[in-house]
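Let's take a walk through this two-chain model, one chain at a time and then together. Have the sequence and the 3D view side by side as you read.

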Amino acid sequence: MRTLLIAAISLAVCACAVPPLRGTGDLGLVVERAAGRVMLVETTGRSVLGRIEGLGDLSHASVVFSRDGRYAYVFGRDGGLSKVDLLRARIEHRVLQAGNSIGGAISQDGRLVAVANYAPGGIRIFDARSLEPLSEVPTGAKVVGIADAPGNRFVFSLFEAGEIWIVDASDPRRPSVRKIGGIGKQPYDGFITPNGRHYIAGLFGEDGLALVDLWNAQGGAQRILGGYGRGEQPLPVYKMPHLRGWAVAGRYIFLPAIGRHEVLVLDSVTWTEAGRITVHGQPVFAVAQPGGQRVWVNFAFPRNDVVQVIDVAAMQVVRELRPGRAVLHLEFTPRGEQVWISSRDDGAVVVYDGASYAELARLPAESPSGIFLTSRGAMTGF
Amino acid sequence: MYRVAALLVFAAAAAAADDPVPARRAELLHLVRQDCGACHGLTLKGGLGPSLEPAVLAAKDAEQMSFVILHGRGGTPMPPWSAHLSEFEARWIVEQLRKGLPK
């Protein structure tokens, strides 16, 4: 009888400790930036599964995912790197690895996590399983636009130095560095094309972008879209735009102009301007809907309560949505049937139907900013 | 020199007397935390832009700081905020930053 009871108790305990069986392909995290917390969400029923606290200063947080979609690596402004178990909704490891950070990336093989730091400037490389520090690459400048590249490489730009560095971490304790100088003034962000071949850094200090062909990195950087401002006085930029491989729709790459209420269209075959689209304000994110038929754009203060949708074939704005005040971010489900949009000042994450634009759900959240779905774990550049 | 000091005291007194109304104060603090915070960090410890913590600002000139808020800083990403803030408001923000923002 006693044995039976103990067996029953231990069975009950086990049942509590084992999370219900489920996949992670429809999971994601939403940053509640003022609360130092993330919301665990699922996109099938569009619901909140839980909240994970204790992640520190998330004012400029970003998230990457393990290749199996189970773990999220959360990069905080305060230099915190946290490994979150999505199935158990809890922090598995956490390290404070620098004074001031901006983001990070996970390596092609999923074994390394690199964190990009402002202070002290550089990147640090960690074991993705244990978060054990493996090496660091000091840069003496703020690191922006870090992306993973094929071959367990990390590519990033240096804001003050105007350089692009390619770090080969195949030997993670002894990474090698290739530096490309003279790329232009003040790169503010960068991204890699979804095929992993081209790294593009946006420049804040001049009109144009820098392009590196990673198949031929010794060829250095090439200036593209130089002088897109046509010598006109730029408008004030109240929030820095963000660049990632999500801006690619077919052969075209859609990029926020700096100091202009325009989205620039770059032809990725000829690397020349294929057009420009006048939009509502200073674009922050220009995100191609999976499939590439439309590109959704949000905007900087003070025109940040609007999202515009560009039709790629027509190269013009075809729809305008008002999800709420201070729209900070948007993220598509992997097949693009829904888009999740955060409205910081209305305290909500709003889900829209990707085809009909109907509002499907409105989830309360405290100052939501970045939305990160596990599908990123399968994409190069994140 | 004394005259400058007296003027500064006068300016400070005048600024105190002309504090923004409470609703506007809340808006301004929200703006500082959230929108300035986009570059300077939500806790104002710095990011792409420098730290705006009281210890750092103590050594800086208040007039100069409100000038930078209103007119930006050339050669850096700091934009001019004069389309969204009055001179009074910029000065009030500097005062709040130097004291440390209320929680």
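Predicted model: local features only at pLDDT ≥ 70, side-chain atom pairs only at ≥ 80, totals over all residues.

Residues are numbered from 1 along each chain as its sequence is written, while chains are lettered from A and ligands numbered from 1 in the order in which they are written.

Start with chain A. Its secondary structure comes to 1 helix and 32 strands. The radius of gyration of chain A is 21 Å, close to the 21 Å that the globule rule gives for 382 residues, so chain A is as compact as a globular protein of that length. (That radius is taken over C-alpha atoms, and the rule is 2.2 Å times the number of residues to the power 0.38.) Along the principal axes, the C-alpha atoms of chain A fill a box of roughly 85 × 50 × 30 Å.

How much of chain A is buried? Of its 382 residues, 53% count as such. The test is a count of other C-beta atoms, placed from the backbone, within 10 Å of a residue's own: 20 or more is buried, 12 or fewer is exposed, and in between is partly exposed. As for contacts (two residues whose C-beta atoms, placed from the backbone, lie within 7 Å), among those in chain A between residues at least 6 apart in sequence, 43% join residues at least 24 apart.

Two residues are worth a stop. A:Gly50 sits in strand E3, residues 47-52 of chain A. With 12 other C-beta atoms within 10 Å, A:Gly50 is exposed. Setting aside neighbours within four places in sequence, A:Gly50 touches A:Leu40 and A:Ala89. Its C-alpha atom is 41 Å from that of A:Leu211, 161 residues apart along the chain.

Now find A:Leu214, in the loop between strand E18 (209-213) and strand E19 (221-224) of chain A. A:Leu214 has 18 C-beta neighbours inside 10 Å, so this residue counts as partly exposed. Beyond four places in sequence, its contacts are A:Ala149, A:Arg197, A:His198 and A:Tyr199.

On to chain B, with 5 helices and 0 strands. Of its 103 residues, 26% count as buried. Residues 24 or more positions apart account for 49% of the chain B contacts with a separation of 6 or more.

Look at helices H4 (residues 62-71) and H5 (residues 87-99) of chain B: their axes come within 9 Å and cross at roughly 125°. That makes H4(B) oblique to H5(B), since angles under 35 degrees count as roughly parallel, over 145 as roughly antiparallel, 65 to 115 as roughly perpendicular and the rest as oblique. H4(B) brings B:Ala62, B:Met65, B:Ser66, B:Ile69 and B:Leu70 to the contact, and H5(B) brings B:Glu87, B:Ala90, B:Arg91, B:Ile93 and B:Val94.

Finally, the chains meet: 18 residues of chain A are in contact with 17 residues of chain B.

Conventions: Helix = DSSP H or I, 4+ residues; strand = E, 2+ residues; numbered from the N terminus. Axes fitted to C-alpha atoms, helices over the stretch in contact; angles between N-to-C directions.
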